[in-house]
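Subject: Structure for your review

Dear colleague,

Please find the structure below, followed by a short account of what was found in it.

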Amino acid sequence: MTQFKRRDILKGIGGLAGLSLIGAGSLRTALAQGMASDEAWKQASGTTIQFISENTPPTTAIAANLASFQELTGITVNITEMQLGALVQKVALDFGAGRSSFDVIYADPYQVLAPYHRGLADLNTFINDDQQPVVPKGIEDFIPSQLAAAGRFEDKESLYTLPYDCPTMIWIYRRDLFQKYHDQMQQDLGFDPMPSDSTTWEQYYQIAEWFSNGNASEVKYGTGHQAQQYDSLMCDFSNVLFAYGGSYFANGQQVGLLGTDSPGACQLTSEAALEAARFYQKLLKIAHPGSTSWDWTGVANAFQNGEFAMMPEWHEFAGALESSDLQGKVGYAPLPKGPARSANLWGGTGIGINANASAEKQKAAWLFLVWATSPQTQLMGLKSKVGGGTPTRQSVYDMPEVKAASTPPTDMPNMLTADTMLVAWQDDHIGLRPKIAQWNEVDTVIFTELSKMLAGQMSPEETMQSAKQRIDRIVGA
């Protein structure tokens, strides 16, 4: 996904209990339904495979539960966790040299899948092999938009990864304050301030201004943002850009879902994009002044410390917030609507198999992919006390115990966002940045130019024009 430190997201969950939530026996029973014989799980016994991953909460949870996978399969998995930028460099070197130092790859859609998809095995090879364990409940069980965005590139047939994690930006707010001041806010503003499907970005601005004008003693400002000159600024702005009907390239949703090698000319000088830039500049002028120094972790910490009343933020921060002094005081909703729609930026990633690995290691890697993304393992991650993300499968959300965990009290705090997420991931709500090989360079241009705008060095019009010119040179338009 983005380059944020997702290990920080759930650090508030705490404790080391409950590491062996799902044993090999129960996993075998659950996974064996409708698949090849039990011997299929032992076909690569004695093999050691290498898994390289960003240091994320889902990988932390899986690392703590590897004993059950080894008992089930006889396969040893060595996990290397690191920051995403370092991971991309190592994977690029591995693919470039035709090596297989790593057999299982955490394949960020923008920094790994788009530029290096030819280095990943097509998973249809294993899905169509009746000697291999099948994906439980089929690939149709994955959230459709995530399966396409995380796993495919340019065509709808090849599949390079299975969806592994799914952080997505939503509206996180102080529900206790919205309830306490509801009547006064509604009287002053002339509309119901409680976040809903009909709330607009302009109303978000008015709510933020109301809090910043000193109407609530508990907070100094209405809104905070991850507007540091960094990838986080692109993420924060993209929610507004897409909501206003703007995009980085033509056919924005299609380029985000399937990707392309030829995105064409940048669209940031369209009237919709200019309107979004003007609004974003206006919004940041009344936001907490620390916003331009914060990434996702910085803004979450400031929210937790009571600096402001609401923020656009990655939904998986719910785990830490619900383990803090704000437990029970936080609300979650899809981001506000613009003239076009509500857009909630998705930042998920899939895991795939190095095509340069030996046939034996590829089989072992496939067994790991099936296990790591299975409903049972995703449930384990939800319950883990050392990490874990939120599921990428519909069937996990349908489990009675997971449904029950979506209302407090809960032992799965990220599930308090479940109702919001199932809306945010719908085709007309999900926000998808361009899946192109040049994304790293394009991303840098976007947050660099936006940072100049927020510093007052450039107008929105100058900012979008400069960004377009630089991006067109990068993509050869």
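Helix 21 passes helix 22 in a right-handed crossing, the near helix being turned clockwise from the far one by less than a right angle. The contact (heavy atoms within 4.5 Å) involves, among others, Val445, Leu450 and Met453 of helix 21 and Met464, Ile471 and Ile474 of helix 22. The axes of helix 21 (residues 439–454) and helix 22 (residues 460–475) come within 9 Å and cross at roughly 165 degrees. Helix 21 is therefore roughly antiparallel to helix 22, a term for angles over 145 degrees. Axes are lines fitted to C-alpha atoms over the stretch in contact, with angles from 0 to 180 degrees between N-to-C directions. Helices (H or I, at least four residues) and strands (E, at least two) are DSSP runs, numbered from the N terminus.

This is a predicted model: local features need pLDDT of at least 70, side-chain atom pairs count only at pLDDT 80 or more, and totals for chains, interfaces and linings use all residues. Residues are numbered from 1 along each chain as its sequence is written, and side-chain values use heavy atoms, leaving out hydrogens and water.

Strand 8 (residues 330–333) is covered on both faces: Val330 and Tyr332 on one side, and Gly331 and Ala333 on the other, are all buried (under 20% relative accessible area, with a 1.4 Å probe and protein chains only). Strand 5 (residues 169–174) runs antiparallel to strand 8 and is joined to strand 8 by four bridges; pairing requires at least two DSSP bridges. Tyr173 has Gly331 of strand 8 as its bridge partner.

Yours sincerely

How values were computed: Buried < 20%, exposed > 50% of the residue type's maximum accessible area, 1.4 Å probe, protein only. Parallel < 35°, antiparallel > 145°, perpendicular 65-115°, else oblique.
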